[in-house]
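This short report describes one protein model. Look at the structure first, then read the notes below.

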Amino acid sequence: MMIQERHNLLEIISRQLIGKPNRRNLRVQKAENINKCLQFLRTKVIVENIGAEDIMDGNRRLTLGLIWTIIRLFTFRDIKPDTVFSSTNIPHMEGAADKSIDTNSAANALLLWCQSKTAEYV
């Protein structure tokens, strides 16, 4: 069930179909399903030094790195300075929507998101 959920979650956040997962009774079938997901991710971003076995064996460092890559790839793509900031959202940052903000950087995109979500508390 966990492999099926991972497969479906990746389809949901990417808004693309990956394909039907294999039955997941055997370890090799689980590995095939994870490898399908990794192959899909490799078409979008560089994914190195991680394989299905790393995920199945519970390698936390590599798995968390992969999760961060997925977050950067599919969450930050929708963050734009002109949609995050407006003069009604954050009056003290009226010039924030200019083109000098680099939204391609994951750190800057995260900062923009945090500022937009906490603006009413400032």
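## Confidence

What is the mean pLDDT of the protein? In this predicted model, the mean pLDDT (the predictor's confidence in each residue, from 0 to 100) is 76, and 69% of the residues reach 70 or more.

Over residues 84-101, pLDDT stays under 50. Where pLDDT is low, the predicted coordinates should not be read in detail.

## Helices

The protein has six helices and zero strands. Helices (H or I, at least four residues) and strands (E, at least two) are DSSP runs, numbered from the N terminus.

## Core

Of the 122 residues, 30% count as buried, meaning under 20% relative accessible area with a 1.4 Å probe, protein chains only. The largest nonpolar core holds 15 residues. Such a core is a set of buried Ala, Val, Leu, Ile, Met, Phe, Trp, Tyr and Cys residues joined through side-chain atoms within 4.5 Å. Leu-10, Leu-38, Leu-41 and Leu-66 touch the most other members. Helices α2 (27-42), α3 and α4 (60-74) each give two or more residues to this core, and α2 gives the largest share, six.

Beyond four places in sequence, Leu-38 is in contact (heavy atoms within 4.5 Å) with Val-47, Ile-50, Gly-51, Ala-52, Ile-55 and Leu-66.

## Basis

Residues are numbered from 1 along each chain as its sequence is written, and side-chain values use heavy atoms, leaving out hydrogens and water. Local features need pLDDT of at least 70 and side-chain atom pairs count only at pLDDT 80 or more, while totals for chains, interfaces and linings use all residues.

Methods: Buried < 20%, exposed > 50% of the residue type's maximum accessible area, 1.4 Å probe, protein only.
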